[in-house]
2 protein chains.
Amino acid sequence: MAQTETTKPNPTVPGRPCPAAGALRLVGEKWSLLIVRELLLGVRRFDAIARNTGAPRDRLAARLRALEEAGVVERRAYSERPPRHEYHLTDAGRDLAPVVTALAHWGSTWLYDEPPVVFHHRDHVAALDTTPTCTACGSPADHLTPHPHS
Amino acid sequence: MAQTETTKPNPTVPGRPCPAAGALRLVGEKWSLLIVRELLLGVRRFDAIARNTGAPRDRLAARLRALEEAGVVERRAYSERPPRHEYHLTDAGRDLAPVVTALAHWGSTWLYDEPPVVFHHRDHVAALDTTPTCTACGSPADHLTPHPHS
DNA sequence: CAGGTCGGTTTGTTTTTCCAACTCGCCGGG
DNA sequence: CCCGGCGAGTTGGAAAAACAAACCGACCTG
């Protein structure tokens with residue numbers, strides 16, 4: 001659900017109208033997707049996120065605020081006095097998992113002498129397939145089409 | 001195939017060892033993924049890419065060179081005198097399609113009052129599913145696992 | 001009370017980014 | 001021949017962002 005269920009801002013971007021450009025305005029800044037990665041992995045504390053991403057602390061603070069404002073991250077107080085917070089993903093944030101996974105898959109395929117990202121499903125370990133599929137016929141939909149709106 | 005088939009550089013990243021971080025070093029810079037989007041759509045000329053992405057011309061030139069060096073983009077001369085080039089994706093570059101598609105899907109779902117990115121397959125128009133799947137059992141693999149190497 | 005943790009903010013410096021203007025080589029009129 | 005225009009960049013300078021390191025306040029722990 002869109003946060004607060006008001007109509008969405010429908011941000012305009014320069015160049016080709018395309019939702020990928022809008023998405024990149026939010027999560028395309030440096031460190032943002034690594035922060036989301038940590039949150040997807042269940043890391044919730046400022047210091048831990050800073051360590052695990054390598055982001056400078058001031059950038060991390062700024063990104064977390066921006067992501068919170070965008071409705072991707074939720075900040076929960078786990079202690080008054082001293083004020084302490086932990087960070088959680090919203091539904092929108094969790095929906096970024098395919099983006100992070102696709103990046104990881106591409107990276108392990110093309111950048112590293114390693115097997116592609118593995119997926120530990122119940123009792124087996126296997127590679128992933130990040131190809132998007134058509135919801136109508138289930139076949140791979142791996143070529144881009146220009147955005148059809150307006 | 002990895003360009004020149006030498007062993008890959010295996011770049012190290014600060015923080016958690018994760019191929020997503022390596023991928024973001026290359027394509028996480030501003031404009032890079034929008035450039036890849038244009039190339040996926042078949043746009044090959046400098047000026048057209050600049051218009052369609054909104055990127056400043058000097059940044060576009062820098063990103064194209066970086067992507068070329070990384071083996072994501074190939075620059076082909078289509079005219080000597082004056083030297084003119086057009087840009088194509090390598091196999092590695094085309095493999096970024098799932099990343100761009102996942103971003104577009106997320107953007108249209110959470111940022112716009114629009115139906116999610118559509119896919120024009122042969123004779124039907126339908127939404128996409130960007131959830132990665134397990135190659136072994138075919139089930140959705142939408143939770144992240146820490147990278148198991150080293 | 002000394003030292004340590006957590007979640008930041010501040011400070012000063014280095015890098016990037018941006019934009020507009022300019023270049024270079026050529027082509028097509030007039 | 002001269003003029004303008006196009007494609008594909010490059011250059012210069014100013015503004016914005018990122019960086020690293022130090023600092024801070026409110027606790028806890030020994």
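# Questions and answers on the structure

Visitor: Which residue in strand 4 of chain B does Cys134(A) stand opposite?
Guide: This is a predicted model, where local features need pLDDT of at least 70, side-chain atom pairs count only at pLDDT 80 or more, and totals for chains, interfaces and linings use all residues. Residues are numbered from 1 along each chain as its sequence is written, chains are lettered from A and ligands numbered from 1 in the order written, and side-chain values use heavy atoms, leaving out hydrogens and water. Strands (E, at least two residues) and helices (H or I, at least four) are DSSP runs, numbered from the N terminus. In strand 4 of chain B, the residue opposite Cys134(A) is Leu128(B).

Visitor: Over how many bridges do strand 5 of chain A and strand 4 of chain B pair?
Guide: Two strands pair if DSSP finds at least two bridges between them. Strand 4 of chain B covers residues 124-129. Its antiparallel pairing with strand 5 of chain A runs over two bridges.

Visitor: How many salt bridges does a search of the whole structure find?
Guide: A salt bridge is a side-chain nitrogen of Lys or Arg within 4 Å of a carboxyl oxygen of Asp or Glu. One network of them links Arg16(A), Arg37(B) and Glu38(B). Over all chains, the search finds 16.

Visitor: How many residues apart in sequence are the parts tied together by Glu29(B) and Arg63(B)?
Guide: Glu29(B) forms a salt bridge with Arg63(B), with the closest N and O atoms 3.8 Å apart. Glu29(B) lies in the loop between helix 1 (19-27) and helix 2 (32-40) of chain B. Arg63(B) lies in helix 4 (residues 57-69) of chain B, so the separation in sequence is 34 residues.

Visitor: Is Arg63(B) buried or exposed?
Guide: Buried means under 20% relative accessible area, exposed over 50%, partly exposed in between (1.4 Å probe, protein chains only). Arg63(B) has 11% relative accessibility, so the class is buried.

Visitor: How far apart are the closest N and O atoms of Arg94(B) and Asp91(B)?
Guide: The two residues are three places apart in helix 5 (residues 91-94) of chain B, which means about one helical turn. Arg94(B) is partly exposed at 43%, and Asp91(B) is partly exposed at 34%. Their salt bridge has its closest N and O atoms at 2.7 Å.

Visitor: What is the distance between His85(A) and Phe46(A), C-alpha to C-alpha?
Guide: His85(A) is in strand 2 (residues 84-89) of chain A, and is partly exposed at 27%. His85(A) touches Arg75(A), Arg76(A), Ala77(A) and Tyr78(A), leaving aside residues up to four places away in sequence (contact means heavy atoms within 4.5 Å). His85(A) and Phe46(A) are 39 residues apart in sequence, and their C-alpha distance is 8.2 Å.

Visitor: How far is a phosphate oxygen of DNA strand D from an N or O atom in the side chain of Tyr87(B)?
Guide: For Arg63(A), the corresponding distance is 3.1 Å. For a polar side-chain atom of Tyr78(B), the distance is 2.8 Å. For Tyr87(B), the value is 2.6 Å.

Visitor: Which element gives the largest share of the surface near DNA strand D?
Guide: Of the atoms of DNA strand D within 4 Å of the protein, 62% belong to sugar or phosphate. The largest share of the surface is four residues, and the element that gives them is helix 4 of chain B.

Visitor: How many of the nine residues of helix 1 of chain A are buried?
Guide: Helix 1 (residues 19-27) of chain A is mostly covered. Its buried residues include Pro19(A), Leu24(A) and Val27(A). They pack against helix 2 (32-40) and helix 4 of chain A, together with helix 2 and helix 6 (97-110) of chain B. Of the nine, the number buried is seven.

Definitions and conventions
Near = heavy atom within 4 Å. Polar contact = N/O pair within 3.5 Å; in protein donor to acceptor, adjacent residues only side chain to side chain.
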